[in-house]
Amino acid sequence: MEPHPPGLNAKLNDSNYAGAGERYRLVRQEVDEQLAFYDTVMNENAFRIYMSDHGQNAGTVHTDRKLRFHILFNVYHRTLEPKRIEGFFSLLDFGSVLRQIILEGKIREEEFVKEYAEIGYMDLYSYGGVSSVFKRKVPLSMACFGYKGIVDREYVYIHYRTGKEWLQRRDNLPVENPQLFYDFASDVCEPSLLPYYRKLAGEFPEGIKTDDKFKYSRCLYAVYHNILAHNHVSECARLLNQMLEKHAERCVALRMGGLHSKMLYACLSVENKKKIWGFVDNNQECICSSFGLPVVSPKQFIDLDRVGVQAVLLSSYDHLEALRAETASYPVNVKVLDIYDYFKSYGIPCDGNFWEIKITDEDFDVGFPF
């Protein structure tokens, strides 16, 4: 458990506890020492199998995608030559490897490597887990709902039980992960491939909707549909894209560059994303910098019309009044796009950021058996 955040270990003291990088280095050292100890008590003819349940999570010390999602599965024996198996292997096939080790004392990869691996996740179904959601009335997350999917050399495909589909190239994974209440245009990178991956993933078991094992899960789906019914996420996303239809490519800047603009940018169609020049924010390393577009400070904004920026779209409801006041200093030939005025003109009043999902106590009134 040592490598899991917060990285507690026996080597921590008053002088080294503050740095996340140092904690991670210490826990790795401590795990190495533990493994070395076990090594001394094992017979030299024993097979050693090292496995991990997942790689590094987002937000920890190492956030490189390849490291975050790397799963450890190493087999050592004094008679085995070092080798890396490049084919697809699922931990569901661990039994095949174990059978070879026990019966033959060697590993033949042709028996278990494949062209793709099936992936899946179950609905939250235990009484304790589901009742905790209802007692705390916490916002639902993707972790509440099951999916089936496929991973091959080029793509990741996921089909959620909510109906959402997600298909992405592995060498170009988007910054935004699948969102529970949003269907982004970027969720599916190549729609023509959907029939192929749907067939590989297969359908959900026919009886899953009525299986008594998932009776508490059904309450979560009822809450999900209740929340979706009174939040206008799909309509807001449609209006955002409508607002940008007449603009040319790379001529609109988003103000600001935080979570507000990240969610707004994610809601745009592939074509409308091409119309975004960049972001205006005090922090040049804001989360929107990960999109690979320019991020400039408000002081530099006066020069933006010289590089073709024709409009600024105000993204933040939290700072909307300040942003509206700021527009007085914008170049006269730069148009201001106020999304909240636009929503209101179409009968969708917002009393908060349009992308924030609002939940009510009534959403959870679905007859959960406390």
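Tutor: In this predicted model, four strands form an open sheet in the order β3-β4-β5-β6, with antiparallel pairing; strands here are DSSP runs of E of at least two residues, and helices are runs of H or I of at least four residues, both numbered from the N terminus, while two strands count as paired if DSSP finds at least two bridges between them. The edges are held by β3 (116–121) and β6 (165–169), each of which pairs on one side only. On average, neighbouring strands of this sheet are turned by 10° against each other, direction ignored, where axes are lines fitted to C-alpha atoms, for helices over the stretch in contact, and angles run from 0 to 180 degrees between N-to-C directions.

Within the sheet, strand β4 (residues 147–152) runs antiparallel to strand β5 (residues 155–160) and is joined to β5 by five bridges; Gly-149 stands opposite Ile-158 in β5. As a general point, strands of a sheet pair through backbone hydrogen bonds, either parallel or antiparallel.

Helix α5 (residues 194–201) lies across β3, β4, β5 and β6, and its direction makes an angle of about 110° with β4; contact here means heavy atoms within 4.5 Å.

Local features need pLDDT of at least 70 and side-chain atom pairs count only at pLDDT 80 or more, whereas totals for chains, interfaces and linings use all residues.

Key
Residues numbered from 1 in each chain as written. Heavy atoms only, no water.
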